[in-house]
Each structure stands twice: as structure tokens, then as C-alpha cells.
Amino acid sequence: MALFSTPPRSICILRLSAIGDVCHAIAVVQAIQRHWPTTEITWVAGKVEAQLVNALPNINVISFDKKAGWHGIKSAWQQLKSHRFDALLDMQVALRASVLSLGIKAKYRVGFSKNRTKEGQWLFTNKHLPNTDSIHVLDNMADFARYIGVPFTTPVWDIPLTAEDNSIAEQYIHQPTLVISPAASKDERNWLAEHYAAMADYAVTKGLAVILCGSPSKREQQLGQQISSYSQTPITNLIGKTTLLQLTALLRAATVVIAPDSGPAHLATTQNTPVIGLYGHSNPARTGPYLSQPYTVSVYQQVAEQHYGKSLGELPWGARVKGSDIMPQISVAMVKEKLDLILSSSMSLAPKEKS
């Protein structure tokens with residue numbers, strides 16, 4: 001039986017980070033909004049992620065700055081002190097999030113299923129999703145909607161973008177375009193710069209312009225410079241030159257995106273842009289671009305089975321592997337094959353409509 005038989009007055013969403021997981025959560029939250037349009041929704045999100053959540057209609061956003069430590073937690077509590085929710089949907093298992101949840105007053109505190117939780121989240125919640133066989137993170141988050149009484153089948157995203165957000169795409173995308181977002185959260189999860197450059201050169205032979213995107217961090221800017229130096233054809237380097245919402249608009253207008261396991265891969269998915277995801281350290285069936293699984297290039301299975309000495313089906317749900325020698329095992333030929341598949345599909349090669 002669902003937790004609610006009638007629309008609750010108010011719900012709090014606790015999902016602080018990361019961008020990719022927040023994208024998954026957006027699909028769930030917007031399904032709740034469509035089913036229960038009168039339910040008030042408050043979302044506690046990380047400082048960076050709040051830029052994206054703030055663009056969504058009819059959501060009260062509480063921005064949490066994890067770099068502020070205990071002061072950041074107390075600041076969030078202060079903003080929440082006058083609220084009492086019918087339910088807290090605790091979509092983050094990290095201990096920091098669980099501690100933060102102590103300042104959120106709610107009748108029902110819903111956490112992940114016992115076979116998906118960790119870091120003691122079980123102790124901070126009083127309702128728990130049923131154990132699940134779902135693999136993808138988005139499907140596990142969708143169980144929150146189903147548990148409280150909201151139907152969920154296929155994810156749908158609606159992220160409004162302003163004229164300012166769309167300005168970068170309008171300035172730089174005038175023909176079919178490959179956007180490469182080359183950096184993951186850790187350097188060992190990046191593909192090789194010379195391989196990205198080779199794909200950029202190949203894309204140009206297919207009639208595509210090429211744009212690099214990413215955050216303004218020094219390591220991402222250095223990676224972009226390396227790719228440009230290896231490339232034999234012009235590349236537009238926008239790394240560090242877009243806001244999060246401008247990046248979303250850029251990904252919306254792109255023909256195809258190439259990215260490792262990273263936030264932009266999932267941002268592109270929210271815009272229905274096909275993504276060639278590059279995976280070696282984590283299972284793409286769990287964390288890959290949700291709508292682009294057929295285009296994923298992965299060496300995860302062989303690497304993980306060798307590392308753990310078990311078959312893929314025997315590995316724990318969240319099993320990861322580490323090592324700087326993993327991503328180089330993805331060949332340029334493997335990625336070319338996926339790009340050819342996308343370009344030979346029924347998709348038009350005209351630039352996508354900007355909105």
C-alpha cells in the first residue's frame with residue numbers, strides 16, 4: 001500500500017549532490033509535481049546543484065554549502081526550522097546528508113531500501129523502500145515516487161531555460177555539433193586527451209563542429225588545452241566559460257555528446273541529446289546515461305571481473321574498480337563505431353531547436 005492515499009500537503013527532498021544524481025532526482029520530483037500539483041515541495045540541494053534546481057518551477061530551494069562545514073548545516077537548519085513536512089524523501093545515503101536530515105522535521109522519513117543503503121542511513125529514517133533488483137540509480141530513486149503513491153514509468157524532464165541561458169548555444173551552434181565534456185570527477189576516470197582529439201578530428205570528417213565544455217577548474221582547463229593541442233582540426237573550447245544552465249542549453253542544442261561518467265552526461269540526457277558514455281570504473285547499467293545505454297562504450301565488465309575474480313552478476317551493486325590504466329583500454333575505434341551508429345540513425349543532422 002502506498003504511503004499516501006491523498007496528496008500530502010508538503011514534501012522535502014534531500015539530495016545534495018552530484019549533478020548527475022540531481023538530474024535523476026529531477027525526473028522523480030517532476031513526476032510527483034505532475035501527479036500532485038498542490039503538494040508543496042522543498043528541496044535541500046548542494047550549492048552548485050542548487051543553480052539547476054532553482055530553475056525548476058514551484059520548488060522552494062534550500063542551498064547547502066558543504067564547504068562551510070558545521071556552519072553550513074546550521075544555516076540549512078535555520079532556514080528549515082519553521083517547516084514541518086508530511087514526508088522527507090532522503091535520496092542521499094552519505095553520512096553528511098543524514099546528519100543534515102536531523103534538522104528536517106517530517107512525519108515520515110523515507111530512505112533507500114536495505115539492500116541499497118549505506119553509511120547508516122537506515123538509522124536516520126523511519127520508512128524504507130522495499131528491497132529492489134533495479135540496477136540504475138534513477139530507477140532506485142523512482143522507487144521513492146512509487147512508494148509514496150506516485151506512478152513512475154519513463155523519466156521526463158522539464159528544465160526551463162532563459163534567453164541568457166540559451167545565449168551560448170545560439171552563439172556557437174550553427175551546424176550539427178559534437179560536444180565533448182572530457183572530465184570526470186577524478187582524473188583517472190578521464191579518457192586520454194589524444195583519444196578525445198582523434199574523435200574530434202573524426203567528427204569533423206563527418207560534418208560536425210566540435211565544442212569542448214566543462215567547469216572552470218584548473219585541471220579541466222588543462223585537459224581542454226591538451227585536447228586542442230593534439231587535434232588537427234579547429235575546436236571551440238568553452239571549458240569554464242558557461243554557467244550550469246548555459247551548459248544545459250549547449251547540451252540541448254548539440255547533435256551528440258561524448259563524456260565519461262560525469263554530470264554533463266546526465267544533463268545531456270535531460271535534454272534528450274544522445275550521449276556516448278565512456279565507462280571503465282563503474283557499471284554503466286547503474287550510472288550510465290539513462291536514455292543512451294545502447295551508445296555506451298564500456299570496459300567495466302572485463303576489468304571488474306578480472307579485479308574481483310567474479311562474474312558481473314555476482315558483483316555487489318555498487319562495485320567499482322580503480323586504476324589509471326582502465327580508461328585507456330577504450331579504443332578510438334570503439335567510440336567511432338558508436339558515433340557512426342548515432343549519425344546513421346533516423347536523427348536529423350540539422351541543429352536542434354533551441355528553447
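This is a predicted model: local features need pLDDT of at least 70, side-chain atom pairs count only at pLDDT 80 or more; totals for chains, interfaces and linings use all residues.
**Strand 2 and the sheet**

Strand 2 is mostly covered, with 6 of its 7 residues buried. I then checked its pairing with strand 1 (10-14). The two strands run parallel and are joined by 5 bridges. Within that pairing I found Ile 13 opposite Trp 43 of strand 2.

I noted an open sheet of 6 strands, ordered 3-2-1-4-5-6, with parallel pairing. Strand 3 (59-64) and strand 6 (127-128) are at the edges and have a single partner strand each, so one side of each has no neighbour in the sheet. As background, I noted that strands of a sheet pair through backbone hydrogen bonds.

For strand 4 (residues 85-90) and strand 5 (residues 106-111), I found 4 bridges, again with the strands running parallel. Leu 89 has Val 110 in strand 5 as its bridge partner.

**Helix 5**

Is helix 5 enclosed or open? I found 10 of the 12 residues of helix 5 (residues 137-148) buried, so the helix is largely enclosed by the rest of the structure. I listed the buried residues as Val 137, Leu 138, Asp 139, Asn 140, Met 141, Ala 142, Asp 143, Phe 144, Ala 145 and Ile 148. I then looked for what they pack against, and the list came out as strand 1, helix 1 (19-35), strand 4, strand 5 and helix 11 (284-287). Just after helix 5, I noted a positive phi of about 115° at Gly 149.

**Helix 6 against helix 9**

I looked up the packing of helix 6 (residues 163-172) on helix 9 (residues 244-253). Their axes are 7 Å apart and the angle is about 50°. That value makes helix 6 oblique to helix 9. I recorded the crossing of helix 6 and helix 9 as right-handed.

Which residues make the contact? From helix 6 I wrote down Glu 164, Asp 165, Asn 166, Ser 167, Ile 168 and Ala 169. From helix 9 I wrote down Leu 245, Gln 246, Ala 249, Leu 250 and Ala 253. I sorted the residues of this contact by type and got 6 nonpolar, 3 polar and 2 charged.

Notes. Residues are numbered from 1 along each chain as its sequence is written. Side-chain values use heavy atoms; hydrogens and water are left out. Two strands pair if DSSP finds at least two bridges between them. Axes are lines fitted to C-alpha atoms, for helices over the stretch in contact, and angles run from 0 to 180 degrees between N-to-C directions. Angles under 35 degrees count as roughly parallel, over 145 as roughly antiparallel, 65 to 115 as roughly perpendicular and the rest as oblique. A crossing is left-handed if the near helix is turned anticlockwise from the far one by less than a right angle, and right-handed if clockwise. Contact means heavy atoms within 4.5 Å. Ala, Val, Leu, Ile, Met, Phe, Trp, Tyr, Cys and Pro count as nonpolar, Asp, Glu, Lys and Arg as charged, and the others, Gly among them, as polar. Buried means under 20% relative accessible area, exposed over 50%, partly exposed in between (1.4 Å probe, protein chains only).
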